[in-house]
Amino acid sequence: MTDLEQLLDVQAVDTRLDVLRQQRAKHPIAAEIAAIGAERDTAQGAVDVVEAERAELLRAQQRIDDEVSSFRSKKEAAEAKLYDGSVEAHKELLAVQEEIRSLGERQTALEDDELEVMEQVEEVTGRLDAARSVVQGHEDRITVLEAELAVALEAVDAEIVEVTTERDAVAEPVDDGLLGRYDTIRSALGGVGVARLSGGTCLGCGMTLSAVTVDQIKKLPDDAEPTCEECGRLLVR
Ligand SMILES: [Zn+2]
């Protein structure tokens, strides 16, 4: 077997390695994880919106609560005034009573408002729980897929190691200069550096060479390293 023929075997192993590296770089599970990650981000956006809505309601509830307390203490102060004997004039007593009544009314109205806000908080909390569970569902799925991806990549890596050992063995008998030339052409031409010339056609690019060129190539000495005039790949006669 000539060095060039041996190089075809190297090419076959290199092509297998390229496929494996491609599998590693663009694993379908990784693409699935990315897609679910995007869905998770969208779902998280929905959670953020509902969270902001809930925070706003809680602030409103707090404001009402503070107002209720303020009316309650004003009412208590007025009630104390009524019974501690500090107000004696009848007219003044009536005014304090009226103040207590008015404060009580406003307090009741606010308490009704507060109840309404509390119902809204409850409703929004339900929606928030649902939105959060959607995010959690995506995250759980991602965790499972990440574990699957790790296992899959480990298998690909093991195969890469195995095939790399094979490549070293197959390339070992080939002249270093020729191997270097092959590597340069291969990396420049999409992974294929050497091809067989079959029936006047370069199997690297699929072009049929002229009869004269084919004849010239066939007459070259055994140690010649002809290349395809169309694509530049090394040719095996
Ligand atoms: Zn060619």
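Two strands are said to pair when DSSP finds at least two bridges between them. Helices (H or I, at least four residues) and strands (E, at least two) are DSSP runs, numbered from the N terminus.

1. **What you are looking at.** This is a predicted model, in which local features need pLDDT of at least 70, side-chain atom pairs count only at pLDDT 80 or more, and totals for chains, interfaces and linings use all residues. Residues are numbered from 1 along each chain as its sequence is written.

2. **Overall make-up.** The protein chain holds five helices and three strands. Along the sequence they come in the pattern α-α-α-α-β-β-α-β. The radius of gyration (taken over C-alpha atoms) is 42 Å, well over the 18 Å that the globule rule gives for 237 residues, so the chain is more spread out than a compact globule. That rule is 2.2 Å times the number of residues to the power 0.38. Taken along the principal axes, the C-alpha atoms fill a box of roughly 135 × 35 × 25 Å.

3. **Two domains.** The assignment gives domain 1 (26-155) and domain 2 (176-236); such bounds come from an automatic or database domain assignment. Between the C-alpha centres of domain 1 and domain 2 there are 75 Å.

4. **Burial and contacts.** A residue is buried if 20 or more other C-beta atoms lie within 10 Å of its own, exposed if 12 or fewer, and partly exposed in between, with C-beta atoms placed from the backbone. By that count, buried residues make up 10% of the 237 residues in the protein chain. Two residues are in contact if their C-beta atoms, placed from the backbone, lie within 7 Å. Among contacts between residues at least 6 apart in sequence, 78% join residues at least 24 apart.

5. **Helix H2.** Helix H2 (residues 28-83) has 56 residues and reaches 81 Å from its first C-alpha to its last. That is close to the expected 82 Å, the expected span being 1.5 Å times one less than the number of residues. Ile 33, Phe 71 and Ala 78 are buried in H2, and the buried residues of H2 pack against helix H3 (90-171). Just after H2, Gly 85 takes a positive phi of about 80 degrees.

6. **Arg 63, a residue to look up.** Arg 63 also belongs to helix H2. Arg 63 is partly exposed, with 14 other C-beta atoms within 10 Å. Its C-alpha is separated by 90 Å from that of Arg 237, 174 residues apart along the chain.

7. **The sheet.** Three strands form an open sheet in the order S2-S1-S3, with mixed pairing. S2 and S3 stand at the edges, each with a single partner strand, so one side of each is left without a neighbour in the sheet. S1 and S3 run parallel and are joined by three bridges; here Ala 195 stands opposite Leu 235, and Arg 196 opposite Val 236. S1 and strand S2 (residues 201-202) pair in the antiparallel sense over two bridges, and Leu 197 has Cys 202 as its bridge partner in S2. S1 and S2 form a hairpin with two residues between them, and Gly 199 in the turn has a positive phi of about 60 degrees.

8. **The largest core.** A nonpolar core is a set of buried Ala, Val, Leu, Ile, Met, Phe, Trp, Tyr and Cys residues joined through C-beta atoms within 7 Å. The largest has twelve residues, among them Leu 4, Tyr 182, Cys 202 and Leu 235. Helix H1 (3-25), strand S1 (194-198) and strand S3 (234-236) each give two or more residues to this core. Leaving aside residues up to four places away in sequence, Leu 235 touches several residues, including Ala 195, Ile 217 and Pro 226.

9. **Cys 205 and its surroundings.** Cys 205 sits in the loop between S2 and helix H5 (211-219). Cys 205 counts as partly exposed, with 14 C-beta neighbours inside 10 Å. Beyond residues up to four places away in sequence, Cys 205 touches Cys 228, Glu 230 and Cys 231. Cys 205 and Cys 231 are 26 residues apart in sequence and 6.2 Å apart in space, C-alpha to C-alpha.

10. **Ala 211, for contrast.** Ala 211 lies in helix H5. Ala 211 is exposed, with 9 other C-beta atoms within 10 Å.
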